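Please look over this protein and follow the report below.

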Amino acid sequence: MSKKEEPVVGVPYYAAQNPYQAGAIPPNAFVGDPKGVPIQQTIYRDTPAPFTCPYCANSSLTTVRSKPSLAAVVGCMMPMMLGFCFLCPSMDCLWHKYHYCPNCKEKVADFEKSDACAVMDPPHWTQESFALAAAI
């Protein structure tokens with residue numbers, strides 16, 4: 001019996017990489033204070049994000065707090081090669097980010113840097129938060 005090639009059923013095939021999954025910000029997104037604009041979805045990253053608080057319904061920008069991540073620890077273990085440590089607060093681009101509502105102080109989201117290799121990828125150290133407006 002000869003084997004014949006058949007396409008695999010149920011496995012999606014994408015010819016091009018989705019730029020939004022790679023970190024690109026869509027052209028219809030906004031990054032500042034929503035000022036009453038209804039929000040469909042907020043992408044929480046390193047910078048303050050426009051959002052509507054699920055606890056107090058306040059519409060504003062989040063307050064961001066940072067905590068060290070594995071990438072920051074790996075960066076700190078390399079001072080012999082680089083000459084400085086990434087754990088200092090001025091280099092918190094590799095730290096986890098936690099987003100809080102400035103009105104009620106509740107935690108609304110977190111953005112954890114789970115890739116320890118981020119130390120070697122400076123263009124992706126800081127990623128901007130954004131929101132997509134709801135269709136009106």
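Cys 53 is buried, at 4% relative accessibility, because that value falls under the 20% limit. This is a predicted model. A disulfide needs the two sulfur atoms within 2.5 Å. Cys 101 is likewise in no disulfide. The nearest cysteine sulfur to Cys 101 belongs to Cys 56, 3.7 Å away. Cys 101 is also buried, with a relative accessible area of 1%. The count of disulfides in the structure is 0.

**Overall fold**

The protein has 2 helices and 8 strands. Read from the N terminus, the order of elements is β-β-β-β-β-α-α-β-β-β. Of its 136 residues, 28% are buried. The accessible surface is about 9,200 Å². Carbon and sulfur atoms account for 59% of that surface. Contacts reach across the sequence: among those between residues at least 6 apart, 63% join residues at least 24 apart.

**Nonpolar core**

Which residues make up the largest nonpolar core? It has 6 residues: Ala 71, Ala 72, Cys 93, Leu 94, Trp 95 and Trp 125. In soluble globular proteins, nonpolar side chains tend to be buried together. Cys 93 also has contacts beyond its sequence neighbours within four places. These are with Asp 46, Lys 113, Trp 125 and Thr 126.

Strand E6 spans residues 96-100. Of its 5 residues, 5 are buried. Both faces are covered. One side carries His 96, Tyr 98 and Tyr 100, and the other carries Lys 97 and His 99.

E6 pairs with strand E5 (residues 63-67) in the antiparallel sense, over 5 bridges. One of the bridge pairs joins Lys 67 to His 96 in E6. E6 also runs antiparallel to E7, with 4 bridges between them. There, His 99 stands opposite Ala 109 in E7. The hairpin of E6 and E7 has 6 residues between the strands. Lys 105 takes a positive phi near 65 degrees in this hairpin.

**His 99**

How buried is His 99 in E6? Its relative accessibility is 0%, so His 99 counts as buried. The side chain of His 99 reaches the backbone oxygen of Arg 45 at 2.8 Å. Leaving aside neighbours within four places in sequence, His 99 touches residues including Tyr 44, Arg 45, Thr 47 and Ala 49. Its contacts also include Thr 62, Thr 63 and Val 64. Glu 106, Lys 107, Val 108 and Ala 109 are among them too, as is Ser 129.

**Ser 129**

Ser 129 sits in the loop between strand E7 (107-111) and strand E8 (130-133). Ser 129 is buried, with a relative accessible area of 0%. In sequence, Ser 129 and Thr 42 are 87 residues apart. In space, their C-alpha atoms are 7.7 Å apart.

Which residues does Ser 129 touch, not counting those up to four places away in sequence? They are Val 31, Ile 43, Tyr 44, Arg 45, Asp 46, Thr 47, Pro 48, Ala 49 and His 99. The side chain of Ser 129 makes polar contacts with the backbone of Arg 45 and of Thr 47. The table sets these beside the contact of His 99.

| Side chain | Backbone atom | Distance |
|---|---|---|
| Ser 129 | nitrogen of Arg 45 | 2.8 Å |
| Ser 129 | oxygen of Thr 47 | 2.6 Å |
| His 99 | oxygen of Arg 45 | 2.8 Å |

**The open sheet**

An open sheet of 3 strands has the order E1-E8-E2, with antiparallel pairing. Which strands stand at the edges? They are E1 (29-30) and E2 (39-43). Each has a single partner strand, so one side of each is left without a neighbour in the sheet. E1 and E8 run antiparallel and are joined by 2 bridges. In this pairing, Phe 30 stands opposite Ala 131 in E8.

Notes
Residues are numbered from 1 along each chain as its sequence is written. This is a predicted model: local features need pLDDT of at least 70, side-chain atom pairs count only at pLDDT 80 or more; totals for chains, interfaces and linings use all residues. Side-chain values use heavy atoms; hydrogens and water are left out. Buried means under 20% relative accessible area, exposed over 50%, partly exposed in between (1.4 Å probe, protein chains only). Contact means heavy atoms within 4.5 Å. A polar contact is a pair of N or O atoms within 3.5 Å; within protein, one must be able to donate a hydrogen and the other to accept it, and residues adjacent in sequence count only if both atoms are side-chain atoms. Two strands pair if DSSP finds at least two bridges between them. A nonpolar core is a set of buried Ala, Val, Leu, Ile, Met, Phe, Trp, Tyr and Cys residues joined through side-chain atoms within 4.5 Å. Accessible areas come from the Shrake-Rupley method with a 1.4 Å probe; for residues, only the protein chains shown count as cover.
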